[in-house]
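Q: I would like a close look at one part of this model. Please keep to geometry and contacts.

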Amino acid sequence: MIYTAAEIKQIDRTAIQNGMPEEVLMERAASAIVPHIRIDSQSTILVICGTGNNGGDGWVVARELAMRGHEVSVWSPLGKSKSEAAAIHASYASAFVHLVERPIETDVIIDALFGVGLSGPVTGHAREVIEWVNRQSTPVISIDVPSGIPSDHTRDFDDMAIRATYTYSLHGFKRSTFLNRTAPFYGKVERVDIGLPHTSDWKVLTDADFDRSLLERDQFSHKTTYGHGMLIGGSRHFLGAPFLGGRAATRSGIGLLRLSIPREASPLISTLPEAMYQQHTDVVEQSYDALAIGPGMAEGEALNLIWQYAKQQPCPVILDAGALSTKRLETRGPLTLTPHPGEFSRLTGKSVEEIEADRFSIACEFAKRHRVHLILKGTYTLIVTPDGTGAVNTVEASALAKGGSGDVLTGILLALWARKEKPSSPNEQAVLWHALAAKSISQTIHPASVLASDLIEELGRM
């Protein structure tokens, strides 16, 4: 689950209003972290506590580790706790730990300086504290978020934050865990459940979320069971894109496939003999279970004519690459857009920098306003539904950073949306399948050497 800072604060308030004292909530949260901390029993520890609730968590962690036999020191560089609950825990923990007035050398540093409540860049003495921590060669464990990291976006972030080795996120992940600017500061991240109800509309996708039944075939099924799809793509300078998408669709199990291509692409038909073909200028005379439009296409008369047909169809429509435009946001069936940040910049009128600084909010607002499914590609691809809920793909797939990879994803999407019995979330499953194929092929081919066509072949080997 993924939460904003405001959502986390509301969850805490609700727990307190329902009868859980704040100091008990703090005790539960911090005590839940300690079993996850894997350090040698002889390690010495320095816990750096701030003045707020994150500092209170640090005091509980310090006490618990001291009670387990560690030599623990606590440094409070910003002064005494301002939170009543944190002050209670600081007073109690003082009997178990060493209090120090300046930083000391230890085997491990635990960062409890700032939590999700931080607003704006770090200022004053806190900057010096963070700089000191980052100069140390010892492992650093951050509680909830690395101090200095904003929870939701990076609009005001100036890179002044602790670079953690490990981060234990309380209750749920924070959005900045999945933003390119801040993700490296988190180190290895682990979510720690603290026994509160989950209310998030956002989830994290891992390898385990892929539905492997998509790779199976029912004994009594036939080609129409898996749908009849049409992929429309290609232009004079981008002839191969629709063939990559088409091959991916066939590898992903589509029953029947028709490709609409420009006349110049006709010599490549032999690379995909399993498909049926027509040219962009041909009249579309039948209906399909799903349509995918855009790989390799450019704005022009052909695309405009195709869209006049597509927007009237009741089937799912996937738009990619050249077909992505605010002129094409109304369809009778479900509409999925698959932009990378540059394409999304053109759709929203915002700069790539603005988008990357606040991917979640901008993507959610766009999907809700236009009632579309949105796949915003990136290291952590966002899969957003028309109601603004969504998921983040965390499967590592650096091999996808190459031309043609997006065409492959479009083909997978077409195959899954065309099925008579669709998976519960075709877009989530397509993104996972795509990433897992890249991860799998990277075990035998260096990621830098993986081609889009390699991905297609790997779809069938998983």
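Is the crossing of α12 and α14 left-handed or right-handed, and what surrounds α12?

A: The model is a predicted one. In it, the crossing of α12 and α14 is right-handed. Helix α12 covers residues 405–418 and helix α14 residues 452–459; they pack with their axes 8 Å apart, at an angle of about 30°. Angles under 35 degrees count as roughly parallel, so α12 is roughly parallel to α14. On the α12 side, S405, V408 and I412 make the contact, and on the α14 side A452, L455, I456 and L459 do. By class, six of the residues in this contact are nonpolar and one is polar, with no charged residues.

Helix α12 also packs on a sheet. That sheet is open and has ten strands, ordered β10-β19-β18-β17-β16-β15-β14-β11-β12-β13, with mixed pairing. Its edge strands, β10 (202–205) and β13 (276–279), each pair on one side only. From one strand to the next, the twist averages 15°. The strands touched by α12 are β11 (228–232), β12, β14 (290–293), β15 (317–319), β16 (335–337) and β17 (373–376), and the direction of α12 makes about 165° with that of β14.

S260 has Q278 of β13 as its bridge partner.

Another helix, α13 (residues 426–441), lies across β10, β16, β17, β18 (382–384) and β19 (390–393). Helix α13 runs at about 0° to β19.

Terms used. Residues numbered from 1 in each chain as written. Predicted model: local features only at pLDDT ≥ 70, side-chain atom pairs only at ≥ 80, totals over all residues. Heavy atoms only, no water. Axes fitted to C-alpha atoms, helices over the stretch in contact; angles between N-to-C directions. Helix = DSSP H or I, 4+ residues; strand = E, 2+ residues; numbered from the N terminus. Parallel < 35°, antiparallel > 145°, perpendicular 65-115°, else oblique. Left-handed = near helix turned anticlockwise from the far one by under 90°. Contact = heavy atoms within 4.5 Å. Nonpolar A, V, L, I, M, F, W, Y, C, P; charged D, E, K, R; others polar. Pairing = 2+ DSSP bridges.
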